[in-house]
Amino acid sequence: MKIRFYFMIGALIAVLFASCKKDNYDAPEADFTGRIVYKGEPISVQYGQVNFELWQSGFGNYSALNVNVSQDGTYSAKLFNGDYKLVFSPNQGPFLWKKNAAGRQDSIAVNINGSKTMDIEVMPYYMIRGATLTAAAGKINAFCKLEKIITNADGKDIENVSLYINKTQFVDGSNNIATQQISGAAIADLNNLNMSVTIPGITPTQNYVFARIGVKIAGVDDLIFTPVTKIGF
Amino acid sequence: MKKIIYAFAAIAFLSFAQSCKKDSEFLDKQPTSTLPIDAVWKDPNLVLTVVGDLYDRYPDYQTIEAWWAFTDFDEGFASASGDYFRHQNLEYGYDAWRYWDMGVYGYIRDLNMFIKRGQESTALKAEDRDRFLAEARFIRAGVYFEMVKRMGGVPLITTVLDYDYSGDPSYLQFPRAKETDIYDFVISELEAVKTILPDNPTVQSRATKAAALAMESRAALYAGSIAKYSNSQLTLPGGEVGISSGLANAYFTKSLAAAKEIIDGGKYSLYKKNPNLSDNFAALFTDKGSNPEVIFAKDFKLKTNKVHGFTIDNQPRSSAEEAQGGRLNPSLNLVQSFEKLDNTYASMASVDGSGNPVYYSGITDIFAGRDARLAGTVILPGTQFKGKTVDIWAGYQLADGSIVTGDNFGQTKTNVLPGNAGSVQVVGADGPVDGLEFSAQSGFYVRKYLDPATGSGQIGTRSEVWWIRYRYAEVLLNAAEAAFELGDPATAANYIKQVRDRAGLTVALTPAQITFDRIVHERKVELAFEGHELWDMKRWRLADKVWNGNNMSAADFINASNIGSATRTSTQVFGLWPYKYYNPGNANHLKYIFKVIKPGRVTAAHRFRIGNYYSSIGQDVLNGNPKIVRNPNQ
């Protein structure tokens with residue numbers, strides 16, 4: 001009887017040790033980070049709305065890894081080492097992506113071998129220039145200019161320009177406590193846009209807000225924004 | 001002993017007798033669970049059971065069998081804790097409303113197989129066979145219509161495809177047809193079968209001539225408006241998505257002609273049995289006895305397994321036959337869309353022009369003088385269902401502006417009102433209580449499709465109210481819209497008048513008053529909770545304007561000026577809560593005041609992206625067939 005008991009303990013220990021074996025795969029370790037930029041300037045977008053696809057061939061079912069772009073235009077992904085193709089879907093983001101000879105979205109080959117930082121150059125429809133956001137007398141005042149970058153047949157009109165303020169650092173159409181909008185038709189001069197919004201009461205009280213300007217381009221889902229600015233008042 | 005011998009003898013005899021059967025007799029036994037094809041195709045009753053199965057699989061999206069789907073687009077609030085997420089998701093997934101990989105091509109295959117076998121069969125009478133074939137083609141047209149409005153152009157398969165086990169499946173890989181090709185197929189099929197199908201208004205759960213025409217009218221209208229309101233983002237080079245604007249008028253003409261054929265046929269009419277216009281409008285959906293308005297419906301029957309629980313899920317909580325109900329709360333967004341009887345729009349007058357509350361002596365007074373369809377679609381505070389008045393009020397407001405309320409159905413509290421020491425009910429037995437499921441969290445319950453029959457709210461009985469897919473009022477609105485788009489507002493005004501007359505709007509709109517926004521509005525209020533909202537918004541290309549992701553505030557609902565605008569933002573559900581004003585000695589003591597509120601569970605603003613206009617195609621489909629192209633903007 002005793003022998004059998006020891007045998008069982010032995011078997012148990014054997015099983016426990018067996019389960020300490022490593023898994024088949026290591027976790028992905030390579031960091032792939034960077035920004036989306038136009039001539040070196042990062043493009044600010046809405047949180048969680050803009051993503052690009054990474055495709056890696058040779059592993060069974062073919063499907064894309066989606067990598068989200070943060071509010072300030074940065075991105076980061078944990079990947080396995082290997083060869084990837086990077087592509088933005090059509091109309092993803094407030095910019096155009098280059099097309100290949102067949103008129104499809106072109107892809108960029110990305111080799112990941114250890115961590116890598118890469119800025120992705122895109123062609124925005126518009127850039128917001130010289131934005132200033134200030135607080136005065138219970139209001140947030142904003143000024144900016146718009147530069148139309150794509151002026152050929154692919155160029156698009158402005159649907160509207162909005163000033164958003166929020167109590168947290170996420171500031172966009174769906175996260176705001178107050179907003180002021182100018183419709184595209186009401187814009188007389190792209191070099192002189194002024195907006196102003198009254199700061200509503202905030203509970204619990206705080207003496208700062210986060211603000212930014214977003215430009216909605218006609219027929220494009222995603223807005224282009226200025227960086228989030230924290231403004232004390 | 002003798003007995004045992006007899007028993008043995010009997011057993012032996014019986015087993016010998018059994019073994020005398022021929023082997024072939026034993027091996028060729030017919031299965032008892034299935035019927036062979038040639039046995040079915042000689043008896044019309046057996047074929048009908050097959051057709052019944054094909055009807056049963058007919059696709060619907062928003063239906064009374066899925067109340068929650070009505071809450072996805074801010075027409076209603078989902079007052080059930082498992083469904084709050086519908087108001088907390090920022091955007092719709094690109095795979096939402098996908099209708100491709102849910103076995104739909106298996107369904108198409110079954111339909112094609114049925115048609116093939118019907119054509120081969122010789123034992124049936126020709127008239128029976130032709131009707132069955134026409135019904136299958138009607139259903140197949142309906143399935144392709146459902147696919148094209150969700151996915152754009154899809155592979156058009158009208159024959160039975162079989163794999164030859166050669167190892168090369170490429171001959172089974174079909175590219176996507178053009179969006180117009182699918183619409184044209186649907187329209188031509190319905191044109192072809194309409195003369196074969198019975199022209200009989202009492203046939204309402206099977207295909208008829210009018211059902212084919214109603215579907216044709218709707219499909220052509222969709223194609224026409226996609227052509228007219230399409231934009232360059234929503235096209236593919238191969239035409240799989242997008243319809244050229246030059247085709248718009250041809251489609252509108254077809255839509256109008258099909259609708260007119262039903263109208264001029266004179267066999268259908270608007271339901272007008274009850275002189276009380278609101279009750280009449282509610283009864284239209286529940287009256288199954290010679291209802292002249294219903295063209296094609298999915299029917300249910302008590303004491304079978306074809307019953308549904310829409311009434312159980314949504315009956316007013318205080319008078320419910322089970323301890324549940326009240327899940328689908330119509331939103332203030334919808335309620336305030338119903339016009340005043342003088343054809344003008346107005347938000348619910350909770351405050352006057354200078355921001356002071358308006359005091360009402362009756363709880364229903366704020367809703368007075370509105371389109372009768374409002375009370376026919378929505379159970380308003382103070383109105384009745386099954387002869388019992390709903391008890392919806394949110395609490396007392398004291399003279400100093402503070403609120404006395406409770407957190408459960410009809411809660412009572414003691415000594416909470418100044419000068420009143422007794423215990424007093426502080427909130428309605430139907431709520432509203434924020435965050436309490438089954439209470440009227442928006443201040444309203446749904447009435448359309450609620451079954452007034454006793455027992456319909458019991459789990460053991462349920463309801464046999466049918467789901468109306470096509471009805472005469474929609475045909476009139478289709479005709480009106482098509483005529484308007486063809487530049488004939490006088491005809492449009494004439495058709496729209498009939499629908500509005502029934503709703504109690506006695507002053508007819510003049511042709512000059514018929515605008516695109518009017519047509520959008522009329523469909524919104526007439527066809528609320530009938531599964532039209534998403535498809536209408538998509539085909540008009542309004543969805544990304546209305547569900548634009550910008551959050552809303554109560555200010556958008558108080559003295560709102562753009563209620564009749566087709567592009568009015570509606571991204572979040574709002575509600576309207578009645579309070580009793582408690583101020584003894586004041587002239588307004590115990591009168592009602594109303595407050596616009598946003599339910600606490602509404603945390604995100606809905607965003608419909610350009611890529612949502614056509615649902616994405618699954619990666620498994622794309623991997624399996626290299627000829628399939630992706631939909632735009634995804």
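In this predicted model, a polar atom of the Asp222(A) side chain lies 2.7 Å from the backbone nitrogen of Gly93(A). Asp222(A) sits in the loop that links strand S17 (208–217) to strand S18 (224–225) of chain A. With a relative accessibility of 4%, Asp222(A) counts as buried, because that value falls under the 20% limit used for this class. Beyond its neighbours within four places in sequence, Asp222(A) touches a set of residues that includes Gln49(A), Val50(A), Asn91(A), Gln92(A) and Pro94(A). Arg607(B), from the other chain, is also among the contacts of Asp222(A).

That last contact leads to the interface. The side chains of Asp222(A) and Arg607(B) form a salt bridge, with 3.5 Å from N to O, and the pair is also listed as a polar contact at 3.5 Å. Across the interface of chain B and chain A, 2 salt bridges are found, together with 9 residue pairs in polar contact, both residues being at pLDDT 80 or more. Chain A brings 22 residues to the contact and chain B brings 18 residues. The size of an interface is often expressed as the accessible area lost when the parts come together. Here, chain B and chain A bury about 1500 Å² between them, and 32% of this area is on carbon and sulfur atoms.

Phe5(A), Tyr6(A), Ile9(A) and Ile13(A) make up a nonpolar surface patch, whose accessible area comes to about 420 Å² together. Tyr6(A) belongs to helix H1 (residues 2–18) of chain A. Tyr6(A) has a relative accessible area of 55% and is therefore exposed.

Methods:
Residues are numbered from 1 along each chain as its sequence is written. Chains are lettered from A and ligands numbered from 1 in the order in which they are written. This is a predicted model: local features need pLDDT of at least 70, side-chain atom pairs count only at pLDDT 80 or more; totals for chains, interfaces and linings use all residues. Side-chain values use heavy atoms; hydrogens and water are left out. Patches are made of residues with over 30% relative accessible area and no salt bridge: like charges are joined within 9 Å, nonpolar side chains (Val, Leu, Ile, Met, Phe, Trp, Tyr) within 5 Å. Accessible areas come from the Shrake-Rupley method with a 1.4 Å probe; for residues, only the protein chains shown count as cover. A salt bridge is a side-chain nitrogen of Lys or Arg within 4 Å of a carboxyl oxygen of Asp or Glu. Helices (H or I, at least four residues) and strands (E, at least two) are DSSP runs, numbered from the N terminus. Buried means under 20% relative accessible area, exposed over 50%, partly exposed in between (1.4 Å probe, protein chains only). Contact means heavy atoms within 4.5 Å. Buried area is the accessible area (1.4 Å probe) that two parts lose on being put together, summed over both. A polar contact is a pair of N or O atoms within 3.5 Å; within protein, one must be able to donate a hydrogen and the other to accept it, and residues adjacent in sequence count only if both atoms are side-chain atoms.
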